[in-house]
Amino acid sequence: MISKIRPLLRGSTYAGALFAFGGALASLPLLPFALVPALSWPSAPESVQILLVLLVWAVLVALVGLARPVRRALVVSARRLLRVPLPDPVAGRRASGSFAPDRWRTPLWLVLHAAVGWTGALASGVLFILGVSLPGNWLGGEARATLLGTSVRVSGAWSWVVAAVCLLLAAAVCVLVTKTLRWSAPRLLGPSAAERLALAAERERLLAERNRIAHELHDSIGHTLTAATIQAAVAGEVLTADPTAARAAMRSIEESTRAALEDLDYVLGVLREEQSAAAPTRTLADLPELLDRLRHAGAVVEPHLSGDLAHVQGTLSRAAYRILQEGLTNALRHGTGDPIQVHVTATPDGLDLTVINRTGTRTRTFPTSGHGLSGLAERVRLLHGQFHSAPDGPHHWRLAVQLPVRGAA
């Protein structure tokens, strides 16, 4: 019994009823316009005139619902008063040919909203007045109910029983009105098929953007922190014996961290959805600078470049730089101090990238995220390339990537 009464006591139920009654009042200014056709046809039967008034009124209410701001206002109000989780309408996105089923959902909701509001307001209002007036004898202390030709007079103690039933029925009408609107709101105010596709595409775009940002952070910030840590250690070791080398290492830390700050500023701007500066682009043209930073960190790098690298442009050049940066960072983390071999070969059909380093007992330990190689493999796969990373003999590790020109266009 308590579970049945509990919905009557919820604030959201009465907020929903007020929302329905508000819709009825909002449609009231259209009623004089709906009376014009009936007044212009005075000879029509009364039932026909009533039907004509209701039909014209429904059409006028539906026309109001065609305006896009009306739907947005209805969605916001239904979300707050009906407690229905409705997403915001997708602005400016409509599927071609979706006029009939999609665009008329809002007018249909508005007509239903007004009709349910008027029905609920009249029914609950009459029941509430009866429930309040009968016990106080404000209507003479009796009432007569007629059903199928049988009349029943209510007076005395029965007036209290009937009054209580009327009040409960008035509350039940409020619950029924709220449940009707809560059931219909997601179906008529919720996203249409075209909007659901647009929302899914938007979520996919955001996920792809966040995935790309994660790659950028891992490639840029991770490499910079690794190189800066090693350079700082080198500077500390040679600070007294070789001040020139120490200053060179500190200068390299400054340059690499400045570049990382540019990347970080761009990423934070994207995450905050601000108009940040243009994305910093690192291409194969920046490879000499990357190799210099590694040398300042104490690494011995042996580059082997062949082919016309200047003609490698766009996505292919940017992806090649990030792949080499990640490969060299891993070699710096896990290498033994022996030379790191870097092979870059540009051909008319694509680009071959290889990083080979000697592995063994590491003198320094650096924490890693564990996503470096998997991120590289995903990047190469998206470019329709081939990825290989495995031991090359007993003491070497080989990273080999082949990127086709056509897949990176």
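Modeller: Happy to! Buried here means under 20% relative accessible area, exposed over 50%, and partly exposed in between (1.4 Å probe, protein chains only). Helices (H or I, at least four residues) and strands (E, at least two) are DSSP runs, numbered from the N terminus. This is a predicted model: local features need pLDDT of at least 70, side-chain atom pairs count only at pLDDT 80 or more, and totals for chains, interfaces and linings use all residues. Residues are numbered from 1 along each chain as its sequence is written, and side-chain values use heavy atoms, with hydrogens and water left out.

Colleague: Thanks! Which residues of helix H11 (residues 287–296) are buried, and what arc do they cover around the axis?

Modeller: The buried residues of H11 are Leu287, Leu290, Leu291, Arg293 and Leu294. They lie on the same side of H11, because their arc around the axis is limited. That arc is taken from the directions from the helix axis to the C-beta atoms. An α-helix has 3.6 residues a turn, so residues three or four places apart point the same way. For H11, the arc is only 155 degrees.

Colleague: Is Ser317 buried or exposed, and which backbone nitrogen does its side chain reach?

Modeller: Ser317 sits in helix H12 (residues 314–334) and counts as buried because its relative accessibility is 3%. Leaving aside neighbours within four places in sequence, its contacts (heavy atoms within 4.5 Å) are Arg282, Thr283, Leu284 and Val312. At 3.0 Å, the side chain of Ser317 reaches the backbone nitrogen of Leu284.

Colleague: And is Leu25 buried or exposed?

Modeller: Leu25 belongs to helix H2 (residues 11–26). Its relative accessibility is 57%, so Leu25 counts as exposed.

Colleague: Where is Leu239, and how far is its C-alpha atom from that of Ala249?

Modeller: Leu239 is in the loop between helix H9 (193–238) and helix H10 (243–271). With 54% relative accessibility, Leu239 counts as exposed. Leu239 and Ala249 are 10 residues apart along the chain, and their C-alpha atoms are separated by 9.9 Å.

Colleague: For the whole chain, how many helices and strands are there, and what share of the residues is buried?

Modeller: The secondary structure comes to 13 helices and 7 strands. Among contacts with a separation of 6 or more, 71% join residues 24 or more positions apart. Of the 409 residues in the chain, the buried share is 37%.

Note on methods
A polar contact is a pair of N or O atoms within 3.5 Å; within protein, one must be able to donate a hydrogen and the other to accept it, and residues adjacent in sequence count only if both atoms are side-chain atoms.
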